[in-house]
Structure formats: C-alpha cells, structure tokens
Amino acid sequence: MKALIFDIQRGSYVDGPGIRTTVFFKGCNLRCKWCHNPESRSTSAQILFYKDKCISCGKCAQVCPHGLKKCTLCGKCETFCPTSARKLCGVLYTPDEIVSEILKDKPYYGNSGGVTFSGGECMLNVGFLEECLRLCKSSGVNIAVDTAGNVKWASFERVLPLTDLFLYDVKCVSPDLHVLGTGADNRLILDNLAKLSRSGAKIIVRVPLIPGFNDDEREFVKIADLLSGLNIVKVEVLPYHSMGEHKWAAAGLSPTRYRVPSASEIEKFRGFFAK
Amino acid sequence: MTDRIRKLVELTKAGNMYNYPRDVEFDREDLFLLRQDRESKRLCEFILAQEPVITEYQTMTGFFNCSSVVVGDAFRRMGHEHFEKLLKDFYLKPIDNLSTFEWQHATADYDKVLRVGIKGIVAEIDAALDKFVDDEQIEFLKALKRVAETLIMWARKCSQRASEAASKTENPEYKRNLIELSESLKRVPENPPATFYEAVLTIYICFSADPDSVGMLDRYLSPFYFKDLSAGAITRENAIEYLQELFLMLQSCTDKNSKNFTRGGESHFCIRGYLPDGEDGFNDLSRLIVESLIELPTYIPQITVRWTSKTSRETFRFCMDCERKDTFGRIAFQNDEKRLKCFTGICGFPFEKAVGYTTVGCNEPAFVGAVTGSNSKINFLKSVETLFFKMSDEVISAGSFDEFYALFTNVMSADMDRACAYDDKFNIERSKDINYLSSLLFQGCVEKARSLTQGSADYVIASPMLLGITNVIDSLIVVKQFVYDEKSVPMRTLVSALQSDWQGYEDLRRTILRRGDFFGNDTDLSNSVAQRVYRSLYEYYKDKKNIFGYHFLVGDLLGYNEHHKWFGSKTKATPDGRAAGDIIKFGLGQSEGRDRHGLTAYLNSVAKVDPFAIACGSTVTNVSLDEKLITDDENFEKTVNIFETYFRLGGVHFQLTYVKKEDLIKARVTPEQYGNLRVRVSGFSDYFVNLPPDIQEDVIRRTEHVE
Ligand code: SF4
Ligand code: SF4
C-alpha cells in the first residue's frame, strides 16, 4: 500500500497544538482559488518548474530520456538541475515509511503535540490513512486530521475512532458562494461537520479569510451561527497570504490573485468567534 | 532598579568606574634579589600604590587592575615574561595552518576565601612552609604569603578611603553605606565574611586577583543569603542591589575603550546544576541572580544556566523567559547530564567534584579554582584537505567508504598528534612563568607549593577546539552519498573538481550544495557519518592526556578571534562544496541553511551526535530563531518544550539569536541605523555592526528556523 506524499514537515508550530509533524498528501477534490498549495491538487506526481530559478543550462533536456517531450516522472531532471528549478512533486510512501519519519520527533511532541495528516485532502485515500493512523496510535502519537470534509461520511466513520483532533475547514456557509470559490457544493461538508460534532469528536474549525470571497460580515455571521450550535473547541481565522503564488505557475496553473487582508480586518473577523 | 544603582549604571556606562592602574617606581636595587622575592615584592608595592574607585553611590570598593610593570593576575597575564613571548610569536598566528595559540580562562576559588578568609590561607601557607624543604618552593610560598598580607593591607587602605568618602557626603543613606563599607573592610577579606553583604564584598575585592569569572556565585553565596534572609538582616531587594553592584564592577573592570567592553564572553559564570548530593540546586538566589542581571543595561557578565533532568519545567521556563526578555543576549543554557557523564566517565572525577564546574570565557568548562587546560584552536578541516591534495591516488583507489574513512582517520590522528605536541610546548613555556597573585586563590598552589601556571590543580580539563567539525562531517557525507552510495560522481571527478577549485565543475558544486544530505537534517546517512566522526574523536582522545596529566575533551568554539577565517583562507576546496579560501565553520551543528528539515531535525542531529560525551569541552551550539517563535506567547511555550526535549535527548549547549534576515542585510548597508542590533556568535554576544564582515556574512547565512 502506497500513497503520494508531497512533503513531510517536522517541527511545525502551526498545524495544531504543540510541536507537530505534518504529512502532506497529494490530491484534492476541491479547487479553491486561493489555494497556497496548488501542487497538492493533482492526484499524480508531477514535475514542478520554477522558471525564475532556471539558468537555461540545458542539463534537464540532456538527461531526460524523452528530451523533455513527455514526462515519465523518472526524476532525472531534478537530480541534475543545478538550481532546483525542476522539482519532482509527490513521492510514494508506505504507511511504515511515513510513521518512521513521524516517530523521529516523538520526544518533542510531549503531551500536546503529535502528527497532523494534511494535504491536499488526506481523507481521499481513507484506507491508507486509516493504516497510518493505526500505526501512529499504537506508537502513542497524538493524531490530528486536517480535512476540508468533502468526502463520504463513511470515510469519517473509519478514521473517527483513531483521531484525537480534527482540523476542519469551513470556507463559507452559502452554497452558491462555495461553488464559486471551490468548484464544489458544501452541503456534504457541513453535514459531515454536524455529524462529527454529534459524534463527540474534538474539532478545531479553520476559516480562511479571503478578501473578495468571504470578507463579508453577513457570511461570517452565518458561519458563527452555524458553529455556535456545534461542539467546537476553537475557531481559527486564517488570513489569505500570497506566499504560495509562485507555485501556481510552477505547477502549470494560473493563480487568482487576492488582496492580503490588513491587520485590522483580520482582527475584526476574528471577533466573530470571540468567546 | 534603585536610584543608587541607576547612578552607578550611568558611571559604569560612561567608563568612569574603571580603575586605571597607577604607575610605580621600584627600587632598582631589587634587581639583585632572587626572582620570586623580587617579583612578589614589586607586586606588593604596586598593589599598595593603587587607589580604589570610590564614589558616594557605592557600598563596595577595592577592585584594582594590574599593569605590565608587575607579574599580575593570571587572566590578563601581564608581566608574565614567557606568556608575553608566546603572545608575540604565536597569538593570532596559526602554525602550519593547523593550530593557533589561545588565551586561557579561569575562575578563582572564591568558595575557599569565603570559608576561611585570607587569614585562613595564610595559615595554610605557614603549614606548608613547615612541610616543604626545596628552596624554590619555600621562596614561592613566602611570596604567596607576602601577597596575602598585602591584600589585607590593601583592604585597610580601601577602608580608609571609604571612611574619607563618608565624611564628605551629605546624603545620610550614602553616609551610612560608606561607614558600613569602611567597617567591613577592616574584617574582610582577612576574615571569613559574616553576612551576605560581606560575602559579596569579599568576591568584589578578591576579583582583582583574577578578573575573569566569579565561578559559581549562587553556590557559595546561598548559605549567607538564606541565613540573612531568615534572620531578617536583609531583604530580597537588598540582595538584588548588592548583586547588581557586583555585576557593574564586572562590567567596569574592562576599560570602556577596549572592544571587549561590549563582549559578553569577557566574564562568564554558571548558575546551579547538580549539587554534590545529586539534587538540582536551582533556588531563590539563582533566580535573584538572573533577575538582577537582566535589569542592568550592560554587556557583562554572561550567565549560563546549568540544566539537569531534575530541573523543573517551571524553572527552565523562567530562565528562558528571562533570556527572551534580555536584549543584551547574556543568558545561555547547558546540560549537566552530558557534562557530568564526561567528567565522571572520561576524566574519572568523583561526582562531588565533577559538579563543581562553571563555564568561563566563551564557554570553556573550568572547575572552581582552576584554569582551563590546553585550548589551542585546531584546523580540523586540514585533514580532509590533505586527503584530496596530497593523497589523491590513495583516495581514488579506495574501493569503499570504509577504506576511504580509514585513510581519513590516519591523517586525522597524525594531525591531532602534531596539534597536541604544539599544545604541550605552549604549556611548557607558560609554566616557566610564576604567578603569585592568582595562585593565592587557586587549587593546589599552596598545597603543592606550585604556581597555577605549572598545573597545580587536580580538576582541570584540556579542551582543544576543533574548528571545521561540521565541514569535515559534511565533506565525508558528500563522499559517501555521491561517490559510494549513489555512485553518481566518480571519485576521480571529485578530486579533479577540488583540485581545480570547482572551476569547470560549477554544476557539480551546485548539485552537491543542493542535494547533499548535510549534517542537521536528521537522516540516517547524515547522522551515521557524523556519529562516526565523533566516535573517531572519542577513540583518539579518550585515553590521552596533556603534559600536566589533564584529560582531553573536544571543543569547537571560536571565541573573539577569526581563526576560522585564517584557517579557511589557507585551506583549499573541500567536498562539502566549500571553495578554496572560504571560511570554515565553528561550533557544533552550525548549518548555514543546509539543514532543510526544520528545528527539531536540526536539534535531534546535534543531540545525538556524540553519545560518547567526548565533545563536552569548550563547545557551543548557536541556534538562530525567528523572533515570532518567542514573542508570541503560545509559540514561546512550544519553544521551551523543544529545548527541554533537546536537553533530554543529549544536547550539551544552546544559545539563541533572534534576528530577521532582512535586518542583517540592511544593517550591512546602513550600520548607523542598526547600532543596537545584537547577535550572538559562538559563545559571545556583540553588536552586529561591530563584527568583521566575514562573521556578519556568516550570521546572515545561518539558517533561520522559521516555521
Ligand atoms: S537543468 Fe534546471 S536550470 Fe538547467 S535548463 Fe533545466 S531547469 Fe533550467
Ligand atoms: S522527470 Fe524524467 S521524464 Fe520527466 S521531464 Fe524529468 S527527466 Fe524527463
């Protein structure tokens, strides 16, 4: 059993409580226009090309078995590119391989930290995820699952008994707006959230703040209303940033540009969830 | 801070508290006296010709500085003829691009003088005089006795001056202070102090005998502090004032015009750690010492907190909290577990003695009442250079990494043998000087009738500092990874690339820099090579002793001088991607952005590298952190956890730098706007704009762990 992983980040301060190792799965079934990890969208491995780093040395074309005409993901161009302009995104891992990486930082997790499975959407490959969770659980590692929730409830049922914390994205409540921003309807997402809440799972909800998409007080009132009826530990507002922008072009996509919200805006929208 | 201390801070920062040595005319006929007689007589005449610094704000006085007209203290080593010759010929002048001569730090035995007073030491000298028969030894002991008696007379003179100052001041509080000072100086340091105040005063005045480190302040002051506190004789606030006055003296014993005035490594000591009974000694006085220091806007002294596995999280958090609030970068941390493992294991010291260490200078371990042993700086990377430039045929024919590694250890042993030989020669020369002033307060000098320059103390470690350890490890990693594991680079190609200083091999160099599995990434390859290098160092040094019989423990720190630059400038290209002439690295684990797996991976690599504890000499681990990891309270708690874990995993030391890269880059362009930007490099802290350009560049390159 293998899955495509595009990064394993150790010593993370930001993906849940304590010190965490975050495992990024490749593949996502939403198409958020503000995505800061666009390379996570595709479910297959791919070569990212960072044009501004390329010094036109021609090495990649020399070593590529297909002269760059087509790509069989052999990774040779990455190995020989002297400037990291070409990067193979997505490496196959077995659950054991992932967990051995996670266990390297076990001493740092203490009582609060642990592993966060993220993506992409880590719940797409739920069989694989379940196996990783089982291994982590048996090694005593605290588990967080970071999900956008757009999967069958049956998938949640499989990971629920093994997960200590869900980091659950809520982009907006209005279904039309959701389709506009992510290309998908949000009824399944909100439905799953309600069920998850009823199941007694520990949930932190994360709301991205995207100017031009959901920076609307009425929308935030709706989100706050919805969440007030649920059993949520904490709501985090994650302001849009443009640091992922160059990755769109590298993945052969064109980004939608948003404005970075100001500190006072961020504060205002955080205010909707102040206890 | 009280008004009185504020006044003293102003005077200190203006440089007005510095005690300029006064000139003395010696009787020229003393030339006909025996050496020890003459040198000690001159020293005593010199001391009594000095004047204490006294202002109405003081409650303490009596510190004096020696000048080169006499054989003075062991720290500055002025007037030490053979040392001065070594300085002239070898200081800042590497030998054969392999080894350079360095300064020695030390800490006097304040514990003893607080217990028995100078009077008690005189009694020991008298007893020794009855025991020894050798003329030289008798002369030495007599000289010590003369110096001891002179220090008592000096205190009397200071008492007189305090009383004169008391009569001049109008302020009733100040008058009381000065009268108490005058009275106390009639009792101490001749007699053991009776109160906390007198104990601090004793250290204040005796610091003249070795103006380097105050050793283990909380350990010897604790009995006085708790006694006075419970008797209601002092308050916590009184104690803070006394400590601050002591710290201000430590700052002002360096001339403001010296560049060392702003350098934290100039006076460095430890607080707490294990007590002889195996308990963690952190107490209210330790806390008070840290609090007193960080209130002062000064550069000196620097404190290292000794962590033990029994240190509570609350205590560690408190110290790290002080550290993050201290804009002068004066607090560092080290791990007693690892140090004691090497002191008791490799050096064979009994536990009760092993716990009596402090760190001096930049971060050299020293036992109370002793000098640091062999401390030459060594160019460790030279061994790698030799392999690729003088033995390339053997290197090319090495069929496996093991064969290659065996070649490396052979060269390394030969280089280390030579470096040790130089070190012994330095020590032989140093031992030709006789020191009288500091010897009075050092282990073994009276008991063995031997000057501290001659290896008088029993508990000393010798710590050669190997610069470029990380370059060596990274070079070996590159060889293993590219030549033997991946087989993507033939050895012949690597040799040619190095011999042509990467000219024509730019792509290879870039590939190595980009893909090298360098130290700090916590991967199996990088960890295994790094640990293998430390094992080799352990094998080489574990049974080795220097000329005085002291055990070697490896260090890696740089100090004030640019050894890494001198060594680097003469070292040809090395497999880690370094070009000919580039600086070499110092400290353990300095990665300059080559660690790509984050802070925990970096700290794991460092913590695990030396299970043998051979590298518990003068070692430092500088960690550069994004400010956000401590300014934000939630992050700060996580950071505390990380470093506590790092110690539990076996890390020896860490000190933190908080800088944003942009700040540093801008500071190089417009230094005048960044005058207050402070950074810490290898054991000392200084203003960034004061650093030489190469070190500045270094700081900029070092990884910032931004999560
Ligand atoms: S190898 Fe890298 S730098 Fe060279 S042309 Fe290809 S992408 Fe550009
Ligand atoms: S990964 Fe392999 S096949 Fe794909 S472009 Fe690079 S060299 Fe060619």
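Predicted model: local features only at pLDDT ≥ 70, side-chain atom pairs only at ≥ 80, totals over all residues.
Residues are numbered from 1 along each chain as its sequence is written, and chains are lettered from A in the order in which they are written. Local features need pLDDT of at least 70, side-chain atom pairs count only at pLDDT 80 or more, totals for chains, interfaces and linings use all residues, and side-chain values use heavy atoms, with hydrogens and water left out.

**Interfaces**

Chain A is divided into domain 1 (3–45 + 90–273) and domain 2 (48–86), with bounds from an automatic or database domain assignment. Their centres, taken over C-alpha atoms, are 32 Å apart. The table sets out the interface of these domains and that of the two chains. Contact means heavy atoms within 4.5 Å; buried area is the accessible area (1.4 Å probe) that two parts lose on being put together, summed over both; a salt bridge is a side-chain nitrogen of Lys or Arg within 4 Å of a carboxyl oxygen of Asp or Glu.

Of the area that chain A buries against chain B, A:Arg10, A:Tyr13 and A:Tyr108 supply 41%, more than any other three residues. A:Lys59 forms a salt bridge with B:Asp507, with the closest N and O atoms 2.5 Å apart.

**Helix H8 of chain B**

Helices (H or I, at least four residues) and strands (E, at least two) are DSSP runs, numbered from the N terminus. H8(B) has 14 residues (217–230), and at 1.5 Å a residue it should span 20 Å, which agrees with the 20 Å between its end C-alpha atoms. The expected span is 1.5 Å times one less than the number of residues. H8(B) bends by about 35° at B:Pro223, the bend being the angle between axes fitted to the seven residues ending there and the seven starting there.

Buried residues (under 20% relative accessible area, 1.4 Å probe, protein chains only) in H8(B) include B:Leu217, B:Tyr220, B:Phe224 and B:Asp228. Among the elements covering the buried residues are helix H4 (110–131), helix H9 (236–252) and strand E4 (302–307) of chain B. Just after H8(B), B:Gly232 has a positive phi of about 75°.

**B:Thr107**

B:Thr107 lies in strand E2 (residues 106–107) of chain B and is buried, with a relative accessible area of 0%. Not counting residues up to four places away in sequence, B:Thr107 touches residues including B:Asp210, B:Val214, B:Val360 and B:Phe442. The C-alpha atoms of B:Thr107 and B:Leu217 are separated by 11 Å, the two residues being 110 residues apart along the chain.

Conventions
Buried < 20%, exposed > 50% of the residue type's maximum accessible area, 1.4 Å probe, protein only.
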